[in-house]
Amino acid sequence: MFLEVIVDLIHTEVDKIFEYSTNDITVEVGSRVFVPFGNKVIEGIVVNKKETSEYPKERIKPILRVIEDVPALTKETLALAKNIKETCFVTMASALRLFLPSEMRKGKVKEQYTSEYFINDGANLEEMISSLKKTAIKQKELLEFLSKNGRVDGVELNKHFGASAVKGLLEKGYIFKEKTQKLRSPYGEIQTDSQTVNLTPKQILAVKSIKETDKTVTLLHGVTGSGKTEVYLKLINDVIESGRTAIMTVPEISLTPQMLRQLRSRFGDKAAILHSGLSSGERFDEWWRLRNGQAKIAIGARSAIFAPVENLGLIIIDEEHDGSYFSETSPRYSTVSVAKFRAEYNKAKLVLGSATPEIETYMLAQNGEYNLATLPDRINKKPLPNVEIVDMRKEVRRGNNSPFSRELLDGIEECLNNGNQAIIFLNQRGYSKTVVCTECGHVQKCTDCDVSLTYHMEDNALLCHYCGAKYKMIKACTECGSPYIRHGGAGTERIQRQLKELFPSARILRMDRDTTQNKEGHFKILNEFSQKKADILVGTQMIAKGHDFPSVTLVGILDADMSLHFSDFRSGERTFQLLTQVAGRSGRSDKAGKVVLQTYSPENLVLRQAIRYDYEGFFGRELSIRKATGFPPFTDIVRILIKSQNDQQALDITKALYTELNEIYIKQRERFRFFGCMKAPLKRLQNQYRYQIIMRLVKPNFDLLKTIYYTQDKYNGRAVTLSLEINPNNLT
Ligand code: ADP
Ligand code: ZN
Ligand code: ZN
């Protein structure tokens, strides 16, 4: 037998199939194997088996061994990897890595085993004890202990009775030892509950619609608090009962514990969690539980879509509009595209859930390409929370320069007096956004990036939020030496401090990237807040999504304009989504909720639509703008980013590439809605100068895209690197 192997090296030169012989070892397709490669031994994946090879026998080396008994990849995941290789323009090795926990490669983590000891069922305890020496008290106690407790872990026995007693009884054949795998299970302290709910008639209709449609994809469009989760749980339940498996993704790691709790409550250890916040041992064990079929439901952030389950019956992508579903690093895959592939391959159902669907998703649902199921009302029958718009320009004119309007402070006070909870949202972490000299106006900047530094009081340091560089806080302006420094723009750290001063008796938690660094950090904060151990939660967009806190009756949005002023074509859509999501955290149980939204542009149409929860109105206008201006979903935006430490070299390559692409453009002009070349909005990042070529291509365009990809890839080199992004989320 001959094996076709992809070696685990990411380089275009080795991006091909290498042939090995089996050496009479039984190997299945999808298995990981060790193979000789040059003068090294490396890991590879068997992608095919065959009887004959075109290469001369003596040139084919045998594999060394198979790494695991169960093939890590299935036929389906191999096919999917090939699809990702072709559509995301990456090497096969890099596509395959998506399917394996990184710690599995290079054997960094292994299964953990423990030894359990027990007495054989049929053995006679009295006989064994009477045959022991009178002095062997420990052995006697050990036997009695085991007969009472059944199977006991070796560590515990050694501790209580000593290793020699254990050894002695083993040698006599009185007790037996068995090696069992010890699973490292994340979020052990999650409380499950056995509450069951009866679905509402609307939820029942939604479930029915999803199960009965002949379409693969259903958009579940339900307002915040409409009970989408119960619909998901019912669908998962039915799929599991029919013997198939399910994957569910949520947009943020912080949302996984909440969902895991619900899944564990209903499905016990059939649910497994996959995300990068777990310890490597936990991730490894959860992955294998899914792979060997012990677990049937995978839950996690984006990467859970690659879960190694077979016989998939259902995929749920909750908050499908969320930007985190696009990978910003290579392979730049879209979670929804991967999900579609898997759903079609398995003849499974794919459910995209959202209160604010992505424009393209909603368009496809209206076209009839997707099935559309809706949950138009909140479960508690309450209207969506009332949003009060506060014009911050008026506050400034009134002499209020603080980040809080009068309305918001009154709202917080009332909320606290009633024993309820408040959420204060601001999409800026740190203490102050900028540090400015009041004498000369100089703004402290990162030496490696073209961005201003954020002050973090807890570290007393200036941080670059783009490259992570950390600088000492200055005592005086680095330009003119003046000691008068002003903090411009508040971040969550400052807001928390100011609230503490204003409401000294309130317990305030903060959730942002800085407070969630530790393992299960999100979980701890959210848990505390949901157990009402705090009154106010201050946070970034991490707190905007999905969370269900019944006692929250007030949401304050400090700066609703932040994302409106980005020059991205999606800024309106992002703002609408974010505001709807944040507002949706308020008034979710029997208590009515309220939202105070602070803005400097109260007349903005998107804000107006968002506070009326007018998704249809927003969608209609947005779609016609996109159509008129030739933006997605009517075109694909392609950006080629050219980066180098040497500004001139970057510029030269940009010009050369532009000239070459221009020839394609001239020949196929009707397929382009835009073609241009410019400095990137962020001109320098991590000490690299950045240029970009931007195109908007009419759909379908895969052939053209491929030509463009290979044209630019030729210019990739040591000094200048290029990358191609399709509809990037982030155009900095
Ligand atoms: P969404 O995800 O649509 O924002 P959730 O699924 O979080 O909404 O549901 C909102 C609240 O309604 C939750 O507290 C949930 O427990 C409750 N809920 C959902 N369905 C029902 C039901 N059929 N009966 C009673 N309560 C429900
Ligand atoms: Zn100065
Ligand atoms: Zn930087």
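**The ligand 1 site and beyond**

Modeller: Start at Asp548: an N or O atom in its side chain sits 2.5 Å from an oxygen atom of ligand 1. Keep in mind that this is a predicted model. Two further contacts involve nitrogen on the ligand side. An N or O atom in the side chain of Gln203 is 2.8 Å from a nitrogen atom of ligand 1. Asn198 uses its backbone instead: one of its backbone N or O atoms lies 2.8 Å from a nitrogen atom of ligand 1. On its own, ligand 1 has 560 Å² of accessible area, and the protein covers 77% of that.

Now the shell as a whole. It holds 16 residues, and those that come nearest are Asn198, Gln203, Gly225, Thr229 and Asp548. Sorted by class, 8 of the shell residues are polar, 4 are nonpolar and 4 are charged. Which helix gives the most to this shell? Helix H8, residues 228-241, with 3 residues.

Next, the metals. Take the zinc ion (ligand 3). Its protein donors are the SG atoms of Cys446, Cys449, Cys464 and Cys467, at 2.3 to 2.4 Å. Why is the arrangement called tetrahedral? The 4 donor atoms subtend angles of 104 to 114 degrees, and the label asks that all angles lie between 85 and 135 degrees. Along the chain, the donors of ligand 3 are spaced as C-x2-C-x14-C-x2-C. Cys464 has a relative accessible area of 2%, so it is buried. Cys467 is at 23% and counts as partly exposed. The cut-off for buried is under 20%.

The other zinc ion is ligand 2. Here the SG atoms of Cys437, Cys440, Cys477 and Cys480 coordinate the metal at 2.3 to 2.4 Å. The site of ligand 2 is tetrahedral, with angles of 104 to 111 degrees among its 4 donor atoms. The spacing of its donors reads C-x2-C-x36-C-x2-C. Cys477 counts as buried at 5% relative accessibility. Cys480 counts as partly exposed at 42%.

Ser354 belongs to strand S14, residues 349-354. At 0% relative accessibility, Ser354 is buried. What does its side chain contact? The side chain of His321 is one partner, in a polar contact of 2.7 Å. The backbone nitrogen of Thr356 is another, reached at 2.8 Å. Ile412 sits in helix H14, residues 406-417. Ile412 is buried too, with a relative accessible area of 0%. Between Ile412 and Val596 there are 184 residues in sequence, yet their C-alpha atoms are 9.9 Å apart.

Last, the backbone. Most residues other than glycine have a negative phi, and most peptide bonds are trans.

- Pro632 and Pro633 are joined by a cis peptide bond, with omega about 5 degrees. Pro633 is in the loop between helix H19 (615-629) and strand S27 (635-644).
- From Lys699 to Pro700 the peptide bond is also cis, and omega is near -10 degrees. Pro700 is in the loop between strand S29 (688-698) and helix H21 (702-713).
- Phe89 is not a glycine, but its phi is positive at about 55 degrees. Phe89 lies in the loop between helix H1 (75-88) and helix H2 (92-97). At 8% relative accessible area, Phe89 is buried.
- Lys532 likewise has a positive phi, near 60 degrees. Lys532 lies in the loop between helix H16 (521-530) and strand S24 (536-539). With a relative accessible area of 34%, Lys532 is partly exposed.

Definitions and conventions. Residues are numbered from 1 along each chain as its sequence is written. Chains are lettered from A and ligands numbered from 1 in the order in which they are written. This is a predicted model: local features need pLDDT of at least 70, side-chain atom pairs count only at pLDDT 80 or more; totals for chains, interfaces and linings use all residues. Side-chain values use heavy atoms; hydrogens and water are left out. A residue is near a molecule or strand if one of its heavy atoms lies within 4 Å of it. A polar contact is a pair of N or O atoms within 3.5 Å; within protein, one must be able to donate a hydrogen and the other to accept it, and residues adjacent in sequence count only if both atoms are side-chain atoms. Accessible areas come from the Shrake-Rupley method with a 1.4 Å probe; for residues, only the protein chains shown count as cover. Helices (H or I, at least four residues) and strands (E, at least two) are DSSP runs, numbered from the N terminus. Ala, Val, Leu, Ile, Met, Phe, Trp, Tyr, Cys and Pro count as nonpolar, Asp, Glu, Lys and Arg as charged, and the others, Gly among them, as polar. Donors are N, O and S atoms within 2.8 Å of the metal (3.2 Å for Na, K and Ca); water is not among the atoms, so sites may look incomplete. Four donors count as tetrahedral if all angles lie between 85 and 135 degrees; four count as square planar and six as octahedral if opposite donors are over 155 degrees apart and all others between 65 and 115; anything else is irregular. Buried means under 20% relative accessible area, exposed over 50%, partly exposed in between (1.4 Å probe, protein chains only).
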